[in-house]
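Trainee: I would like to learn how to read salt bridges in a structural model. Could you walk me through an example?

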Amino acid sequence: MQEVSVAGYFAGSGLVAAPHMDDEVLACGGTLALLPNKADWHVVYASDGRDSPEPVASWRDKVADDLGAVRQEEARAAMRCLGIPEANLHFLDLPDGRLARHEAELGQAVSRLIADLQPDHVLVPFRYDRHSDHLALNRAVTRLAHSGAYKKALTEYFVYYRWRMLPGGDVRHYLRRNLVQKVAISAASSQKRAALGCFKSQTTRYYPWQVRPTLSAELLDEVCGEPELFLRYDPALPGAAIFARAVPWIRVAHRLEPFLKKRKDRLLNRGASLRLAGRANASPSEQNVRATEGPIRVVMFGSGPALDPDVKEFLSRLEAHPDIALLGAFCQSQGQSPGDVARDLWRRRRWLAAPLLALHLAGRLRMAIGRSDGERALDQRLAQMADRLHFVPNIHDEAVLEQVRALRPDLGLVYGSPILKAALFEIPALGTLGIHHGQAPKYRGKKTTFWAMYNGEQCAGVMIQKINAGLDTGQIVNSGEVIAVGRAYRSVWNELVALGLDLYLRSILEVRSGTAQYRPQEGPKGRLYRDPGPGDIGRFWLRQMERRLRRRTRTESGDESSL
C-alpha cells in the first residue's frame with residue numbers, strides 16, 4: 001500500500017462518479033477537501049436519491065415527494081463545505097435503487113459528460129461493492145475504459161467495504177497491496193465531517209417512522225478518522241484478479257452479503273414496526289424519553305446583534321453532529337446593523353463601548369481583508385443554516401414562544417441569552433441547559449472569569465447547568481476548570497471556551513442517551529457579579545502586574561513555597 005499526496009496523485013482535472021448523493025463524501029470527502037485545484041473537479045450523481053431513507057413499512061410510512069430535491073440541496077451544501085463549485089455538479093436523475101435497469105442510459109450520459117470534460121481522472125465505486133447501483137455505475141464507466149473511449153487514469157473508491165462474512169471484516173485487506181493508494185486526511189477530517197453533516201436526510205432520523213439514521217454515528221466517526229483508500233485500475237487485472245488471496249470465498253461472500261443484509265433489515269424493520277406501534281400507546285412522558293433514541297432535537301437561545309465566535313463554533317458543532325438535530329436558534333436583538341451593535345454595546349458597557357466597538361470593527365476589517373480556511377468554512381456552514389437563525393426584538397414574545405412550541409424541541413440550549421422566563425425554558429420536553437463560565441455558586445452573574453482572576457483565584461471554571469427560575473443556581477450536569485494563576489486573561493478565556501464547548505456537547509449527548517446526572521450546587525451562594533467598569537479593568541491589570549512581579553521576586557530569591 002502506497003501513501004500518496006493528493007496534489008501529486010490526483011494532479012489535473014477529475015470527475016467523481018457517485019451513485020447516490022453522499023457516496024462521494026463518504027469515500028472521497030477528505031481527498032476532495034485537500035485538492036489544490038478544486039475548480040477543475042466535477043461530481044456526477046447518477047440516481048435521483050428518492051429511495052433513501054426507505055420506509056420501514058411501505059403500506060404505512062410515507063416519503064416526501066420532494067426528497068430528491070432535498071437530497072440535491074444537501075449535496076450542493078456538502079460540496080460547498082469541500083470547496084467544489086456548484087457549477088461543477090451534474091445530476092442524471094435516474095431511478096434510485098434501479099440503475100442496473102437503466103445501465104445503457106447511464107453509460108450514454110456518463111460517456112457524454114466525460115467527452116465534454118476530458119478529465120485526467122475518473123473515480124468510480126469499487127467493482128466488488130455490495131450495492132447494485134454502485135456496481136452498475138462501475139460497469140458503465142469501466143466499459144468506456146475497455147472500449148478506449150476513456151484512456152486516462154481510472155480509480156476505484158470504497159463505500160461498502162465492511163463484509164461480515166470475511167475474516168477481519170474489511171475487503172480492502174484482501175487486495176494486492178501494490179494496487180492500493182492511501183490518502184491521509186487528518187488535516188481535512190473536520191471538513192469532511194461537516195460535509196457529511198449536510199446530509200440530514202441520511203445522518204438523522206429524518207422521518208418519525210425511522211428507528212435509526214441511514215448513516216450511523218459510528219460509520220461517520222470511522223470514515224472521518226481513517227485514511228481514504230483507492231484502487232488503481234489496471235486493465236490487465238479484470239474482475240477478481242485484483243485480490244491477492246481468498247478469491248473463491250470473496251466471490252461467494254459478494255453474492256451472499258447483499259441477500260443477508262436484506263434479510264437482516266427486514267427483521268429489524270419488523271421489530272421497528274412493533275416498537276412504533278407500541279409508542280402510539282405510550283404515555284406522554286414515555287414518548288419523550290423514547291424520542292431521544294434518534295438525534296436529539298435542540299433549539300438555541302442567545303442574544304445580541306452579532307454572533308460571537310464561540311457561539312458560531314457552538315452552532316457549527318451542533319449542526320455537524322449526527323446525533324443532534326438543530327431546529328433553530330433564537331437571538332434577542334433590536335437589529336443587526338453597525339448602529340445596532342454600537343447601541344447594544346453602549347446599553348451594556350457604557351463608557352467601555354467605544355474601545356469595544358473599535359475592537360469589533362477591527363475584527364470585521366481583518367475578516368474582510370483575509371480569513372483563514374477555518375473561518376471561511378465556518379461562515380459557509382452558518383450561511384447554510386441562515387433560515388434557522390432568528391433575530392427577534394423580544395425572545396419572550398408570544399409569537400416567538402409559539403414558534404418554539406411548533407418546533408417540538410427535546411432540549412433547549414442557552415448560550416449568552418438574556419435571563420429566560422419559565423414560559424420559554426420549560427417548552428422543550430427535556431428542559432433547557434445553559435453554559436456558565438464561572439465556578440458556581442461562588443461566582444454568579446456576568447464576566448465571572450474576569451472576576452475570578454481579579455480576585456486571584458488559582459483556577460477559573462465553567463459548568464453546564466439545567467436552567468431554572470434562579471440566576472446560575474441550576475443543577476450541574478458537567479463542569480471543569482483551567483489554571484488561571486500566572487496567565488494572561490485571553491489565554492485563560494480561550495482555553496475555558498474550548499473546554500466549555502466540549503462539556504456542552506458531552507452534556508447534550510448524555511441527555512439524549514438518558515445518562516445525564518444532575519447534581520445540586522454545593523457551598524454557600526456567592527455574590528452576583530456585574531460587568532466590570534473602566535476602574536475595575538485598570539485595577540485588574542495593576543493586580544496582574546503586581547502578582548507577576550511578586551512571583552518573579554520569589555523565584556529569583558529561591559523562595560518557591562508560595563508559588
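**Reading the salt bridges**

Mentor: Gladly. The count here comes to 22 salt bridges, where a salt bridge is a side-chain nitrogen of Lys or Arg within 4 Å of a carboxyl oxygen of Asp or Glu. Keep in mind that this is a predicted model, in which local features need pLDDT of at least 70 and side-chain atom pairs count only at pLDDT 80 or more, while totals for chains, interfaces and linings use all residues. Residues are numbered from 1 along each chain as its sequence is written, and side-chain values use heavy atoms, with hydrogens and water left out.

Trainee: What is the general idea behind such a pair?

Mentor: Side chains of opposite charge can pair when their charged atoms come close. Here, glutamate 86 and arginine 76 form a salt bridge, at 3.4 Å from N to O. Helices (H or I, at least four residues) and strands (E, at least two) are DSSP runs, numbered from the N terminus.

Trainee: Is arginine 76 buried or exposed?

Mentor: Buried means under 20% relative accessible area, exposed over 50%, and partly exposed in between (1.4 Å probe, protein chains only). Arginine 76 is buried, at 17%, whereas glutamate 86 is partly exposed, at 43%.

Trainee: Which residues form a salt bridge with N and O atoms 3.0 Å apart?

Mentor: Those are glutamate 398 and arginine 405. Glutamate 398 has a relative accessible area of 47% and is partly exposed; arginine 405 is also partly exposed, with 34%.

Trainee: Where in the chain are lysine 442 and glutamate 457?

Mentor: Their closest N and O atoms are 2.7 Å apart, in another salt bridge. This pair links distant parts of the chain: lysine 442 is in the loop between strand S13 (432-436) and strand S14 (444-445), and glutamate 457 is in the loop between helix H17 (448-454) and strand S15 (459-466), 15 residues apart. Lysine 442 is partly exposed, with 45% relative accessibility.

Trainee: Which residues do salt bridges with shared partners join into one network?

Mentor: Glu73, Arg76, Arg80 and Glu86 are joined that way.

Trainee: And how many helices and strands does the protein chain have?

Mentor: The protein chain has 19 helices and 17 strands. Of its 563 residues, 51% are buried.
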